[in-house]
Amino acid sequence: MSSRRSSIGAVAAALIMAMALAVPMGTAAADTGKQQWRGYWVDSFNAGIYNPAQVTKLVADAQRVKANALVVQVGRETDCFCNDSAFPRTQAAGVDPAPYDPLTEVIEQAHAAGLEVHAWVNSTILWRSLTPPTDPTHAYHEHGVTATGRDRWINRRVDGEEVMANRVFLDPANPDAVDYMVEGIASIARNYDVDGVNLDYIRYPDYSSVTTHSEWGYSETSIARFQAATGRSDVPAPGDAQFSDWRRAQVTAYVRKIYLSLYEVDPTVRLSMDGITYGYGPQGTEGGYEKTRTYSEVLQDWRGWLAEGIMDTNIAMNYKRDSRADQTVMFDQWSEFLADNQGRRSSVNGPALYLNSIEESLAQARDALAPTAAGNRVIGWSGYSYANASALAVSDPTQAGAQRDALADALAADLFAEEAAVPDMPWKSRPTRGHLQGRLELRGGGVLDQAEVTLTSLSTGSKVVRRSDGSGWFGFVDVEPGRYLVRVKLPSGVIGDPVTTVEVRKGQLGSVRLGPFRTFG
């Protein structure tokens, strides 16, 4: 990284100068040709989208900082701050009643101002209260703590706990829960003119007693599927390497399915996620990416997702206190790793405004956007959050507006002096590769779960292997155009033609037809 600090005096001088300037209102439709992501996370636990007046202020505040993207929380707990999705409408207090549609209002006002809107969805939170939802259509009623078997979608810890901090989590290893969320997320992109979908909690839960592995994943469905996939009959220990790999693969398969479902709806929609950066970075004392809490404790492999191409942008939650020396090191290490490990896609550095003073957030923003020793940069900055732009705003809510304005003016006069557009996604705007998906069905009903599917190039002989998920679905992303052989490794007791050929075309999502297969014995 470049030099981490200007002096405090220089930072203060820049801040004073910025606050004294009359900063013009920005638009994301930049005339300069510069591309750089600049955005806020806009959580829906605080004011921002509850009524049209709040949205008007949100958009004006975003323009003041010369932002070009808003990551707006519309899916909090398997619901939506919108009227037209497969999820039930939110029943959060303070939101104007229907026909007011928060997401529609944000899109209309933000797009008119040249701002992109990315729908933020918590992807593994079923419910967040000890009181059940009053909406009888909410999934919690049929798939929460009163459900049994595969109908019980909730994650379970090794000690049997299922409710932590009043939260009930969805199990990424439950096929029906995954399909429900995939369809709900796709419905938002189908019914609203969003520029992207942002996934939060796309991982296993926190609340393990250790940081070296996850203690979650012990639902009846999860253990049964793991045993079927591995041929084991025991209940694995939380630190079992095979079990950790299998659980991590369930999250990856979930992401892959969301990616292709969104591509099928609208190939231009950006899929982003909120990446975990707990503790020190991989190049520090952790001893590599696979030793980080990101990969081992919450089983989130965002580096692998970027490398495979199933995630367009990792908006990393690089939440560190600049006032603490150890966390300064953590921030720098993760900033370097983010820029140097973007794979086929892109990353945004997302500092925690609420943990820092304005001067400290300016320092972190400079560091976040600086090139690494290898010359790499992330594509931009996203601040968490719009509601709380500084630590002072958290401790004294009466200062929230003034602190937001001060930060915006400082950034707009310094790092964001020029207008900028949201960076292009050339893999979508000018694609050179294609994608495939298919489903392995059994005659008379049922599917092949966790079957090995191999995609072999007929011109080069190169091979890629994926496994079908609990609904028999499989997918391949970023495949070179050409003809391919698709082969399914059929389990014992299943017969049928396991081979077909398919043509992959650039920029297109093709379908693979195999089966239905028959069972015997």
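**Ground rules.** I am working with a predicted model, where local features need pLDDT of at least 70, side-chain atom pairs count only at pLDDT 80 or more, and totals for chains, interfaces and linings use all residues. Residues are numbered from 1 along each chain as its sequence is written, and side-chain values use heavy atoms, with hydrogens and water left out.

**Cores.** I looked up nonpolar cores (sets of buried Ala, Val, Leu, Ile, Met, Phe, Trp, Tyr and Cys residues joined through side-chain atoms within 4.5 Å). Buried here is under 20% relative accessible area, exposed over 50%, partly exposed in between, with a 1.4 Å probe and protein chains only. The largest core has 103 residues. Tyr-40, Val-74, Leu-103, Ile-188, Leu-199, Trp-302 and Trp-305 have the most contacts inside it. Helix H7 (residues 241-265) gives the largest share of this core, nine residues. I take helices (H or I, at least four residues) and strands (E, at least two) as DSSP runs, numbered from the N terminus. Another core lies apart, with 19 residues, among them Leu-442, Ala-451, Val-488 and Leu-514.

I then listed the contacts (heavy atoms within 4.5 Å) of Leu-103. Leaving out residues up to four places away in sequence, Leu-103 touches Val-74, Phe-81, Cys-82, Val-117, Ile-188, Tyr-192 and Val-194.

**Surface.** I found Val-145 in the loop between helix H4 (139-143) and strand E5 (163-164). Val-145 is partly exposed, at 33% relative accessible area.

**Salt bridges.** I count a side-chain nitrogen of Lys or Arg within 4 Å of a carboxyl oxygen of Asp or Glu. The structure holds 33 of them.

Glu-77 pairs with Arg-128, their closest N and O atoms 3.4 Å apart. This pair links distant parts of the chain, 51 residues apart. Glu-77 sits in the loop between strand E2 (69-75) and helix H3 (102-112), Arg-128 in strand E4 (residues 125-128). Glu-77 is buried, at 6% relative accessibility.

Glu-162 and Arg-156 form a salt bridge at 3.2 Å, N to O. Glu-162 is buried at 11%, whereas Arg-156 is partly exposed at 25%.

Arg-345 and Asp-478 meet at 3.1 Å, N to O. They are 133 residues apart, with Arg-345 in the loop between helix H10 (325-340) and strand E10 (346-351) and Asp-478 in strand E15 (residues 473-479). I note that Arg-345 and Asp-478 are buried. A network of salt bridges links Asp-312, Arg-344, Arg-345, Lys-428 and Asp-478.
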